[in-house]
Structure formats: C-alpha cells, structure tokens
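Take a look at the model below. We will go through its aromatic rings, then its ligand.

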Amino acid sequence: MTRTPLIAANWKMNPLPEGALEKDSAYRPQSGIETIVFPTFLDMQSCLEAGLPTGAQYGHPDSVGAHTGDVSMTMLKKAGCQFVLCGHSERRRDHREEDSDVVAQAESALRNGLHPVICVGETESERRTKRHKQIVERQVRVLPLREIVTIAYEPVWAIGTGVTPTPEQAQDMHAFIRSLVPDARRETIRILYGGSLTADNALEFFGQPDIDGGLVGGASLKPAVFRAIVLAGVQARS
Ligand code: PEP
C-alpha cells in the first residue's frame, strides 16, 4: 500500500515565514507529496488566497455560542479552511484539553467537512515509566478512526527540545498505532511523526514503513529547512 506522504508546517503563534506566500514558496505542494500550513487565525486568509493548503491550529466543536476568543469548525469551513489540528500537546497543556475534548473537536471537524490532523503522544515521565504505549492507546482508541483522519504521533518530550526518539522507536509506536486502527482504514490512514524534525534527521524518520510524513514546528519556520524536509519526504518514497 502506498500512502502519499504529507508534511505539515505548524507555525504556532509566529508570524508568517518570509516568502511563504510567494509563487516559489517552500510551502507550496510539490508533486508526489502533500503539504499543509497551519498559520495563526490572523494569517489564515492570506495563506488561503495564496493557494496554500491551509489548516487551523484549533477549532471549537460548537458551531456558535458564548466561547470568548474561540473560532468554530463551522466558521473555519466557511472561511475556506480545509484542515484542522486537534489535540496538539500545547493545547492539551495550556488549555487543559482532555481526550474527550479532542474527540469532540475531531467529530465536529468531520461533520463540517474539515480533515482533522489529530495529535497524540506521551510525556517524558510516561515514557520513562514505560507507560507510553498504554497512554497512546488510550488517546487513539477513542478517536473516530472509521472516518478519514490523519494521526500525528508527537512524543511531548520531543517537541521543541531537539531530542527525538530513534527512528526505530518512532516506527515501533507508529506500527502500534496502526494496529489500533480498524481493518478498513488500517492501510490507508496516514500517521505523521512530529517532534524536533530537522533537515538532517527527516529522511531517517520518513524512511520507516509506518511513518507517512511529519508535523513540523520550529524547523517549518525556516523556508529552506522546510523545503529540505519536504524533499526528504519525496525521497523516502521514491
Ligand atoms: C509541533 O509543535 O508539532 C512540533 C513538532 O514542534 P517541533 O518540530 O518544534 O518539535
């Protein structure tokens, strides 16, 4: 089974990288690979107008209502957005999002015709105490896996730290996550790796059989580095 690799740029609370909207932008889709950018809400419209496949970093599951500061999935869809991140560990941490909130977001995204990219991953202490599979299983089992969704495995201890699992450890977790997916979707679901990906390590991760691309934070803010990571994604499947 060949799954088209996907490389997603999570720009978090940062301004647009230089040249992101230009014709020769590193963030434009290339042949043989898909890309997504996740800008702030303020930059979403300009990314969409520039023709970049664009997602939101969060969407509220309710369509409208008294939720100060939030934007709903319904509004994101209406604005032209195609993708949405659900359950990024920084949201789980900063906004106390629980598994049930992440499921509600993913289900609302699907109802509204958005493609959810759902983040899962264990903390450093959960890995140290060998509970990483148990935690990730808990996070994955509740997800709407009969639908078309993407999972991003992001060990929390690897995000923004420069520390990563070995590609083999990541592959082991990806294969485990895939084993939790119902038969009908098991071979087609894309499972991305995220956590301190760089131009230097991307190829090793993307070369693993169950790693279908990456969710890239810090390195995605540097266009030349992001371009190299996308090329690694192409190279890994050629
Ligand atoms: C992320 O925030 O999703 C991420 C993977 O960050 P970084 O690449 O900076 O570790």
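Which residues do ring pairs link into a cluster? They are Trp 11, Tyr 27 and Phe 226. This is a predicted model, where local features need pLDDT of at least 70, side-chain atom pairs count only at pLDDT 80 or more, and totals for chains, interfaces and linings use all residues. Residues are numbered from 1 along each chain as its sequence is written, and side-chain values use heavy atoms, with hydrogens and water left out.

The whole structure holds four aromatic pairs. Rings of Phe, Tyr and Trp (its six-membered ring) pair if their centres lie within 6.5 Å; planes under 30 degrees apart count as stacked, over 60 as edge-to-face and the rest as tilted. Tyr 27 and Phe 226 are stacked, with 4.9 Å centre to centre and 25 degrees between the planes. Tyr 27 is buried, at 1% relative accessibility. Phe 226 is buried too, at 0%. Buried means under 20% relative accessible area, exposed over 50%, and partly exposed in between (1.4 Å probe, protein chains only).

Now turn to the ligand. Which atoms of the protein make polar contacts here, meaning pairs of N or O atoms within 3.5 Å? A polar side-chain atom of Glu 154 lies 2.7 Å from a ligand oxygen atom. For Gly 160, a backbone N or O atom lies 2.7 Å from an oxygen atom of the ligand. His 88 brings a polar side-chain atom to 2.9 Å from a ligand oxygen atom. The protein covers 96% of the 290 Å² of accessible area that the ligand has on its own (Shrake-Rupley method, 1.4 Å probe).

How values were computed. A polar contact is a pair of N or O atoms within 3.5 Å; within protein, one must be able to donate a hydrogen and the other to accept it, and residues adjacent in sequence count only if both atoms are side-chain atoms.
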